[in-house]
Structure formats: structure tokens, C-alpha cells
Amino acid sequence: MQLKKQKILISAIALLVFIAIVLISIRLKKQAILFQGEKSDFSCGENAYYSYDSSNHIVTITGTGTIDLTKGYHYMYDTIDRGYSEHDYDAVGELRFPDETEKIIICEGITGIKNSCGANCRDIKGGATYEHLKEIVLPNSLTDLGTGCFANQTSLEKINIPNSIKIISSYAFYNCDKLYYISFPKSVRIIESNAFEKCATLPEVKLQNVRYIGERAFQNCYNLKSIEIDGGIPDLLAYTFDGCFNLQNVKLTDNIKVIEHSAFRNCKYINRNKIYANVESPHAYKWSEQEKRKDLEEAKAEVNNETD
């Protein structure tokens, strides 16, 4: 009886080892295909796929609908609605593409990019960061940039925002500290809170038709020297350009009548008298968090109802 039990146990162990070997073989085969630069059908969305060319470290994404640049959980979070809490930390996905990726090309047909972080992107220590990623190419079919979609891509250097984008979501480019070039087409009407916070290399910002800019949108952009804001934006919220130590040239639309407190804090080279000359309420403490949320919702409704 004892011998029979031993045989059964040995058979079970052998079966488990065989299954493990098969699964490992399948995984290694997939990785071999991926890193040989062959065209693959790895999924990054319900109807989207990517291939990786190891000869030039380029990821190409094709298909339709919304894509996910990371693997894992993504928690949606409204910073204005709920504020910060020590309990609100993010779940950030693992890298979906090889960490050697230097360029991502997103082809026509892709319409959205999922959130890559939620609660507070600023609290993330590491996360899904592609350490060699320098450039991302976006298609004209893209209309939705999820919260923190490119946050913490610390090697990203340049990106062109397509004319199809109206709203740049919270934390979209947070801590992209090597980002030195980004285009802002006239289609961009709303920039949400913290969208470009800590883009430390960005030299200038030209917004042609903006309706709303959220709190801390450009906070701690240390190398920012020039900003030009035009459009129907009625006010600048708190800490918008706080910590932009090298800011010198500021040109604002006459539509801005309220500049909330600390909007230009720690900007020691600007001419404050000139900036605030036509402002009715400088250094204001105007809104509660609920009022700010309402203002953002109204701006979104207005923008979404506009005809192109």
C-alpha cells in the first residue's frame, strides 16, 4: 500500500513538472518572437495589438479603440473632487512593452489611452516607467488621454499633440522631466490639474485657445522661460506656475480677470505689475473645491458641445 502511494505521488509530481515545463516553453517562445523583432499580435486593448522591432527598439500599435500602455490596475481619481489623503495611493501596472523601448508609434484607429495612474501620480515611487522611451507618436484619431497616461516617463523628450485632442487630463505628463518639446494645437481647450507638473526641461508654453487650466498644471517646470496664453480662459488657479524659477516672459489674454493666490509663486524674474495690470482680482482666494469642480465640469460641457 505504501509503495502504491509513493508511485501515485511521484506520478503527480512528474505531471506538475511537465505542465510547468510546457508553460515556461510557451512563454519563452513568445518572448523569443517579440525580441527577434518579428511582427507579433500581442494585445494592448480589446481591439488593439502591438509589435516590437528590436533592431531599433520601436513599438508599433495598431487596431481600434482604447489601448493600455501598462499591465495591471488603474484607479480613476478626481483630485478636485476628493482632495489628497494619506490613504489614497495608486496601483500602477507593470511594463507592457520591453523596457528597451525607445519609441512608441500609435497608428490611426486608436481613439483613447487608458489611465496609467490614479490617486496621486506624485506618490508613485517607480511604477511603469520606460527608462529609454524618448518619443511617442500620436494619431489624429486619438481623442482621449487618460489620467497619468504618460506620467513618470522620465526619458521622454518630445511629443506632438494631435488636433483631435481637446482635453489634456490630470497628470498626463507628470514628471516627464526631460520633455523639451510639446506642441499645443488650437484644439486643446482644457488642461487639467498637474498635467505638466515637474516637466523640468520644458522651455516654453504657447496655448492658443485654452478655456481652462487646472491647479498646479505647470508647477515646478524649472526651466520654463516663456508662457503665452490666449483664449477664453477667465482665471488662473492656485499654483498654476508655482516653482517656475526661470520664468521671465509672460503674455496673458485680457480675458483673465482673476489670478488666484500663489499662481506665480517663486517666479522671481517676472514683472508682476505688468501681469496683474488688467486683473480684477489678483492673489484671490476665490473658490471652494466644490466650486472649482463645478467650473471644470462646466468647461468640459462647453468644450464637448463645441462643433469643430
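1. Buried, for a residue here, means under 20% relative accessible area. Phe-173 sits at 0%, so it counts as buried. Keep in mind as you read on that this is a predicted model.

2. The overall picture, quickly. The protein chain has four helices and 20 strands. Of its 308 residues, 47% count as buried. The accessible surface comes to about 15800 Å², with 50% of that belonging to carbon and sulfur atoms. As for contacts between residues at least 6 apart in sequence, 45% join residues at least 24 apart.

3. On to the rings. A pair of aromatic rings is described by the distance of the centres and the angle of the planes. The count for this model is 11 aromatic pairs. Take Tyr-50 and Phe-97: their ring centres are 4.7 Å apart and their planes stand at 75°, which is over the 60 degrees needed, so the pair is edge-to-face. Tyr-50 belongs to strand 2 (residues 47–53), while Phe-97 is in the loop between strand 5 (94–95) and strand 6 (103–106), so the pair ties together parts 47 residues apart in sequence. Both partners are out of the solvent by the cut-off above: Tyr-50 is buried at 6% relative accessibility, and Phe-97 is buried at 4%.

4. Back to Phe-173, whose ring pairs with that of Phe-150. Here the centres are 5.3 Å apart with 35° between the planes, and the pair is tilted. Which parts of the chain does this pair tie together? Phe-150 is in the loop between strand 9 (144–145) and strand 10 (158–160), and Phe-173 is in the loop between strand 11 (167–168) and strand 12 (181–183), so the parts joined are 23 residues apart in sequence. Phe-150 is buried as well, at 1% relative accessibility.

5. That pair belongs to a wider group. Phe-150 and Phe-173 form one aromatic cluster with Phe-184, Phe-196, Phe-218, Phe-241 and Phe-264.

6. Finally, the holes. The structure holds two cavities of 30 Å³ or more. How much space lies in the second largest cavity? About 50 Å³. Phe-150 turns up again in its lining, next to Cys-149 in the list. The other lining residues of this second largest cavity include Leu-69, Thr-70, Ile-104, Ser-116, Ala-128 and Tyr-130, along with Leu-133, Ile-136 and Gln-153.

How values were computed
Residues numbered from 1 in each chain as written. Predicted model: local features only at pLDDT ≥ 70, side-chain atom pairs only at ≥ 80, totals over all residues. Heavy atoms only, no water. Phe/Tyr/Trp six-rings, centres within 6.5 Å; stacked < 30°, edge-to-face > 60°. Helix = DSSP H or I, 4+ residues; strand = E, 2+ residues; numbered from the N terminus. Buried < 20%, exposed > 50% of the residue type's maximum accessible area, 1.4 Å probe, protein only. Contact = heavy atoms within 4.5 Å. Areas by Shrake-Rupley, 256 points an atom, 1.4 Å probe, with all protein chains shown as cover. 1 Å grid on protein atoms, 1.4 Å probe; cavity = no way out; pocket = protein on both sides within 12 Å on 5 of 7 lines; lining within 4 Å. Points joined across faces, edges and corners; volume = space filled by probe spheres on them.
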